[in-house]
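Here is a briefing on side-chain packing, ring pairs and strand pairing. Look over the model before reading on.

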Amino acid sequence: MKTRKSLISLVLVFAMIFSLNIAPTVANAEGDSDSYSVSIEVRAPYQKYYQSEEDQYSAGFNIVELRKEDLEDSFGIGLPTNGECGYTLVRALAKHIRTWLMDQKNIEFDDEGKAYANELMPNYIKVSYTDAYGYYLNNLSADGENWDTGVSKEGTASDGYWALIYNGEYATEFGLSKEIPVNEPETKVELVWFATNTSGCGYGHFEMKDKLDDYLISGDKVTYTLNNQRYNDDYTALIDVPVAGVPVQVFSQNKGDFLDQPLTTDENGNITFVAGDPGEYHLVAFDEVTVDGVTISRINRAELHIIVAKKAEKVKKLKAKVTGKKKAKKKNIKVSWTYPDLGWDTAKYHVYLSKKKSSGYKEVSSKNLKKTSFTIKNKKKGTYYIKVRAERIYEIDNHGNYKSSFSAFTTPVKVKVK
């Protein structure tokens, strides 16, 4: 398993769902009031493992009851025995798998039998731990020889991941380390396996040249590609496969909602986004999967964050005034203007001069003119036309990268040097 959050494609035929209905129980015979029960139902193609028959298993097979003594049991997969990771989903799942394993192999349900089953457990369940997400499920095995997810015991590549569904919502903020809630008997947890060995309806990411976001100016038109990210046939590298016909929703941060009309990827997996009003936007393509007639939406998503900046406004109140001694052969032209508040942005200005109103303009201003005035020096007698445009500069990150937007030209101002 490369990572819990890998964006990878979904294959419905291999979807495995665990439904855990969680409820606190009453005190047991020994007076242990810290006992919790978890009802586990398993639905998947691997019926011999996941689907029990009532006459074959004891009534307790689908009911996992966690007690204080279970907090001192690693279940053979490295769970803490020091009180950490207490009455959690991962501990309930581990106990469920061990109960099934002991039943399958006719192992006695005593301390010696549990110890022996714990030695076998790493062949049947694999979990991982990270500081960010706690425990999460990597793999399960029905036969102890091959992971049901399609990865061999010796293999290091993964062809899918386990998604945690909590009360019908994809759980992005926690993993199996979540404590079993008290007094919430209707809590429902599902673990869903999504495979990636073939291209399917799942999506990976938007192709953005290794960037997670983009910075646009109002009016910009940009094409993005939605990819299905998966491993190649020999699991040596991740590849991108464009996905066609997928609705891509546009979320406006300013409005706090999705815009009415989603975009749809074309046959090459492309969409064209036209930057509208300034603000923050998210392009989002949600995976949806149907299992046993039930649609689970927003399991996974490909997302691109976009900031749209305001296009540079036109310069206002452009004026030109001739200065210099009355009898001088050459005189100066002082040009001034105003510009709206820039906020966090900066601006440069470009001054153009011509002897014709409609053509022949050449820039005469300095390279980095940031003042709202400029003097054109040493002009001979004659009629001149002047126009100005602004270049608004946006800082797009903290690494010294910038983006510019040019305003439209002002209406030319006529001035005579006598």
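Eight aromatic pairs turn up in a search of the whole structure. Rings of Phe, Tyr and Trp (its six-membered ring) count as a pair if their centres lie within 6.5 Å; planes under 30 degrees apart are stacked, over 60 edge-to-face, and the rest tilted. The model is predicted: local features need pLDDT of at least 70, side-chain atom pairs count only at pLDDT 80 or more, and totals for chains, interfaces and linings use all residues. Residues are numbered from 1 along each chain as its sequence is written, and side-chain values use heavy atoms, with hydrogens and water left out.

**Aromatic pairs**

- Tyr215 and Tyr394 form a tilted pair, 6.0 Å centre to centre with 45° between the planes.
- This pair links distant parts of the chain: Tyr215 lies in strand E10 (residues 213-217) and Tyr394 in strand E24 (residues 382-395), 179 residues apart.
- Helices (H or I, at least four residues) and strands (E, at least two) are DSSP runs, numbered from the N terminus.
- Tyr215 and Tyr394 are both buried. Buried means under 20% relative accessible area, exposed over 50%, and partly exposed in between (1.4 Å probe, protein chains only).
- The ring centres of Phe251 and Phe258 are 5.1 Å apart and their planes stand at 75°, so this pair is edge-to-face.
- Phe258 is partly exposed, at 22% relative accessible area.
- Trp337, Tyr339 and Tyr349 are linked into a cluster by ring pairs.

**Charge over rings**

- The charged end of Lys387 sits over the ring of Tyr361, 4.1 Å from its centre.
- The charged end of Lys387 also sits over the ring of Phe409, 4.3 Å from its centre.
- The criterion is NZ of Lys or CZ of Arg within 6 Å of the ring centre and within 35 degrees of the ring normal.

**Nonpolar cores**

- A nonpolar core is a set of buried Ala, Val, Leu, Ile, Met, Phe, Trp, Tyr and Cys residues joined through side-chain atoms within 4.5 Å.
- The largest such core has 31 residues, of which Ile77, Met121, Ile125 and Leu176 touch the most other members.
- Two or more residues come from each of strand E3 (63-66), helix H2 (89-104), helix H3 (111-120), strand E4 (125-130) and strand E5 (134-140).
- H2 gives the largest share of this core, nine residues.
- A second, separate core has 22 residues, including Tyr349, Leu369, Phe374 and Tyr384.

- In H3, the buried residues are Gly113, Ala117, Asn118 and Leu120.
- Seen down the axis of H3, these residues fall within an arc of 155°, so they line one face of the helix. The arc is that of the directions from the helix axis to the C-beta atoms.
- Asp111, Glu112 and Glu119 are exposed on the other side of H3.
- The buried residues of H3 pack against H2.
- Arg98 belongs to H2. Arg98 is buried, at 3% relative accessible area.
- Leaving aside neighbours within four places in sequence, Arg98 is in contact (heavy atoms within 4.5 Å) with Asp73, Phe75, Lys114, Ala117, Asn118 and Met121.

**Strand E21**

- Strand E21 (residues 346-354) is mostly covered, with eight of its nine residues buried.
- E21 and E24 pair antiparallel over nine bridges. Pairing requires at least two DSSP bridges between two strands.
- Ser354 has Tyr385 in E24 as its bridge partner.
- E21 also runs antiparallel to strand E22 (residues 362-363), joined by two bridges.
- Leu353 stands opposite Lys362 in E22.
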